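Here is a short report on a ligand site, the pockets around it and some backbone details. Look at the model before reading on.

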Amino acid sequence: MRVLNTPSHTMTPTLHHSPGACSLAPHIVLEEIGLPFALNLVSTASGGTQSPEHLRLNPKGRVPVLVWGDEVLTEAPAILLHLALQHPTAALMPEGDAGLVRAVEWFNWLSGSVHAVAVRQVWRPQTFTTRAEPHDDIVAQGHQALRTAFALIESRLAGREWAVGGRYSIVDPYLLVFFRWGNRMGHAMRTAYPAWAQHSQRLLERPAVGRALATEGISIWA
Ligand SMILES: N[C@@H](CCC(=O)N[C@@H](CS)C(=O)NCC(=O)O)C(=O)O
């Protein structure tokens, strides 16, 4: 087993990403940290994640991938935690042990259930069945699971500025990814989830978020 013992701040990291994918969250965090980094574009739309070159880097065939020196790190939550832990002065970790546990609680659910099941049912329904199209039933199931998940996120964000504790942390840009996806899927994000919409607006006021969105050429509203 490899140990992540090479500090990423000793060499320029490269984030392998795709515009608007979950790699947006580590992209924002790299902008927040403010040190040099490189981006390598891997198109999820045109199958770039399945290219031999990308599969050599990440046999799971997904973005994001963070590379520094000979270290390769996959999984958005792991990359987010790594970046925050490696750059304590950026203050992007939630505070204390309790904050870390809450971050893992958010990450595990968002990545393992909301993204890997519900979002995928909507955007890649064919991966859940061997049946030929149409897959409308799977897509509908995904939308319903997302409505339930989004309502829970809304209730967790109601009355608070940020997702964990009293300060902005690596969990917040990850939530922005899902807010944007909800808009792209046609969910009424502004009206049905007002606390989450305000949370996203607060994120948009951060220069680092603006820079990442501009570089990726995307908006959170569509
Ligand atoms: N569990 C992974 C999921 C990564 C993932 O599904 N990434 C998507 C983009 S958001 C992807 O690369 N999709 C391309 C594909 O499925 O071929 C993580 O959290 O990083």
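The text below covers the ligand, then the pockets, then the backbone.

The model is predicted: local features need pLDDT of at least 70, side-chain atom pairs count only at pLDDT 80 or more, and totals for chains, interfaces and linings use all residues. Residues are numbered from 1 along each chain as its sequence is written, and side-chain values use heavy atoms, with hydrogens and water left out.

**The ligand**

There are 17 residues around the ligand. Thr49, Gln50, Val63, Glu75 and Ala76 come nearest. By class, this shell has seven nonpolar, six polar and four charged residues. Here Ala, Val, Leu, Ile, Met, Phe, Trp, Tyr, Cys and Pro count as nonpolar, Asp, Glu, Lys and Arg as charged, and the others, Gly among them, as polar.

A polar contact is a pair of N or O atoms within 3.5 Å.

| Residue | Part of the residue | Ligand atom | Distance |
|---|---|---|---|
| Gln50 | side chain | oxygen | 3.0 Å |
| Arg62 | side chain | oxygen | 3.2 Å |
| Val63 | backbone | nitrogen | 2.8 Å |

Taken alone, the ligand exposes 510 Å², and the protein buries 90% of that. These areas come from the Shrake-Rupley method with a 1.4 Å probe.

Which elements give two or more residues to the shell around the ligand? They are helix H3 (76-86) and helix H4 (96-123). Helices (H or I, at least four residues) and strands (E, at least two) are DSSP runs, numbered from the N terminus. H4 gives the most to the shell, with three residues.

**The pockets**

The ligand takes up the space of the largest pocket. A molecule sits in a pocket if more than half of its atoms lie within 2 Å of its grid points. On a 1 Å grid over the protein atoms alone, a pocket is an open set of points where a 1.4 Å probe fits, with protein on both sides within 12 Å along at least five of seven lines; lining residues have an atom within 4 Å of a point.

The largest pocket has a volume of about 840 Å³. A volume is the space filled by probe spheres set on the points, which are joined across faces, edges and corners. The lining has 30 residues, and Cys22, Thr44, His115, Arg120 and Arg124 are the closest to the pocket centre. H3, H4 and helix H6 (171-184) each give two or more residues to this lining. H4 has the largest share, six residues. The lining divides into 13 nonpolar, 10 polar and seven charged residues.

The second largest pocket has a volume of about 210 Å³. Its lining includes Arg102, Trp106, Trp109, Arg156 and Gly165. H4 and helix H5 (136-157) each supply at least two lining residues. Again H4 has the largest share, here four residues. This lining has five nonpolar, one polar and four charged residues.

**The backbone**

Most residues other than glycine have a negative phi, and most peptide bonds are trans. The bond from Val63 to Pro64 is cis, with omega near 5°. Pro64 is in the loop between helix H2 (52-57) and strand S3 (65-68). Val63 also places a polar backbone atom 2.8 Å from a ligand nitrogen.

A cis peptide bond also joins Glu133 and Pro134, with omega about 5°. Pro134 lies in the loop between H4 and H5.

Glu75 has a positive phi, near 80°. This residue is in the loop between strand S4 (71-74) and H3. Glu75 is also among the residues that come nearest to the ligand.

Technical notes. Near = heavy atom within 4 Å. Polar contact = N/O pair within 3.5 Å; in protein donor to acceptor, adjacent residues only side chain to side chain.
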